[in-house]
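User: Please take a close look at one part of this structure for me. Then work from there to whatever else you can tell me, in short steps.

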Amino acid sequence: MLPLIDLTDGDNHFRVRVRGRSTPGVLEHHDRLDAELLLTSSFVTGRLPMTLSPADLRAWSRCLDLLATGQDAVWRDDNRSPAVTVLPHYEEYDSPAVRVEDPGRSDVLVVMPLGLEDGWVEGQRGLLERVLERWPSEVRETRPGVYEWRR
């Protein structure tokens, strides 16, 4: 497993770990990645399986761009579970926080404050780069619903 997201302050931990290709060798699903979202704190522990597409990885990169400028970033908020919002400044706790909502399965919403060190966005960008290096996009969609291997 390889971490895509790993945010912790020692007490609270939010992670998304990539387990590998979802359906290796099947052209239209080859680039999808099986992953799991994990939340751990002294109060709550949760795990949600998820499948990531290349578009999800590009969207996470755009979220990191927003977070680097101090803006909130919403990832996977397109009626898929889980939806993740990263708040670089959560006023209630005067710290960054992660909001995870699972409307499609459990209907649970968790907001976890995190006391993160400076440079945490750059650290997350490094994790994304490692995932992209290990599981590069090997398929391209030439027309809607038509796929071919990259050469």
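Analyst: Asp-107 is exposed, with a relative accessible area of 61%. The model is a predicted one. The cut-off for exposed is over 50%, so Asp-107 counts as exposed at 61%. Where does Asp-107 sit? Asp-107 is in the loop between E7 and strand E8, which covers 108–113. Now look at the backbone. Phi of Asp-107 is near 60 degrees, a positive value in a residue other than glycine. Most residues other than glycine have a negative phi.

Is Asp-94 buried or exposed? Asp-94 has a relative accessible area of 56%, so it counts as exposed.

Trp-149 is in strand E10, which runs over residues 146–149. Its relative accessible area is 36%, so Trp-149 is classed as partly exposed. Which residues does Trp-149 touch? Leaving out residues up to four places away in sequence, Trp-149 touches Gly-25, Leu-27, His-30, Glu-138 and Val-139. Compare sequence with space for one pair. Trp-149 and Glu-28 are 121 residues apart along the chain, and their C-alpha atoms are separated by 9.5 Å.

Now go inside. Ala-35 is part of strand E3, residues 33–40. Buried means under 20% relative accessible area, so Ala-35, at 3%, is buried. Its contacts, not counting residues up to four places away in sequence, are Val-16, Arg-17, Val-18, Arg-19, Leu-48, Pro-49, Met-50 and Leu-52. Here is another pair to compare. Ala-35 and Gly-119 are 84 residues apart along the chain, with 25 Å between their C-alpha atoms.

On to the core. In soluble globular proteins, nonpolar side chains tend to be buried together. In this model, the largest nonpolar core has 35 residues. Those with the most contacts inside this core are Leu-4, Phe-14, Val-16, Leu-37, Leu-52, Trp-60 and Trp-75. Which element gives the largest share? Helix H1, residues 54–68, supplies six residues, the largest share of this core.

Pick Leu-4 from that list. Which residues does Leu-4 contact beyond its neighbours within four places in sequence? They are Val-16, Arg-17, Val-18, Leu-52, Leu-57, Trp-60, Trp-75, Gln-124, Leu-127, Leu-128 and Val-131.

Trp-60 also belongs to that list. Trp-60 is in helix H1. At 1% relative accessibility, Trp-60 is buried. Setting aside neighbours within four places in sequence, Trp-60 contacts Leu-4, Ile-5, Leu-67, Trp-75, Val-86, Gln-124 and Leu-128. The C-alpha atoms of Trp-60 and Pro-136 are 15 Å apart, and 76 residues separate the two along the chain.

Gln-124 lies in helix H2, residues 120–134. At 5% relative accessibility, Gln-124 counts as buried. Beyond neighbours within four places in sequence, Gln-124 is in contact with Leu-4, Ile-5, Asp-6, Leu-7, Trp-60 and Leu-64.

How do H1 and H2 pack? Their angle is about 165 degrees, and their axes are 10 Å apart. An angle over 145 degrees counts as roughly antiparallel, and H1 and H2 are therefore roughly antiparallel to each other. Their crossing is left-handed. Which residues meet? From H1 come Leu-57, Trp-60, Ser-61, Leu-64, Asp-65, Leu-67 and Ala-68. From H2 come Trp-120, Val-121, Gln-124, Arg-125, Leu-128, Val-131 and Leu-132. Sorted by type, the residues of this contact are ten nonpolar, two polar and two charged.

Asp-107 is exposed at 61%, whereas Trp-60 is buried at 1%.

Notes. Residues numbered from 1 in each chain as written. Predicted model: local features only at pLDDT ≥ 70, side-chain atom pairs only at ≥ 80, totals over all residues. Heavy atoms only, no water. Core = buried A, V, L, I, M, F, W, Y, C linked by side-chain atoms within 4.5 Å. Buried < 20%, exposed > 50% of the residue type's maximum accessible area, 1.4 Å probe, protein only. Helix = DSSP H or I, 4+ residues; strand = E, 2+ residues; numbered from the N terminus. Contact = heavy atoms within 4.5 Å. Axes fitted to C-alpha atoms, helices over the stretch in contact; angles between N-to-C directions. Parallel < 35°, antiparallel > 145°, perpendicular 65-115°, else oblique. Left-handed = near helix turned anticlockwise from the far one by under 90°. Nonpolar A, V, L, I, M, F, W, Y, C, P; charged D, E, K, R; others polar.
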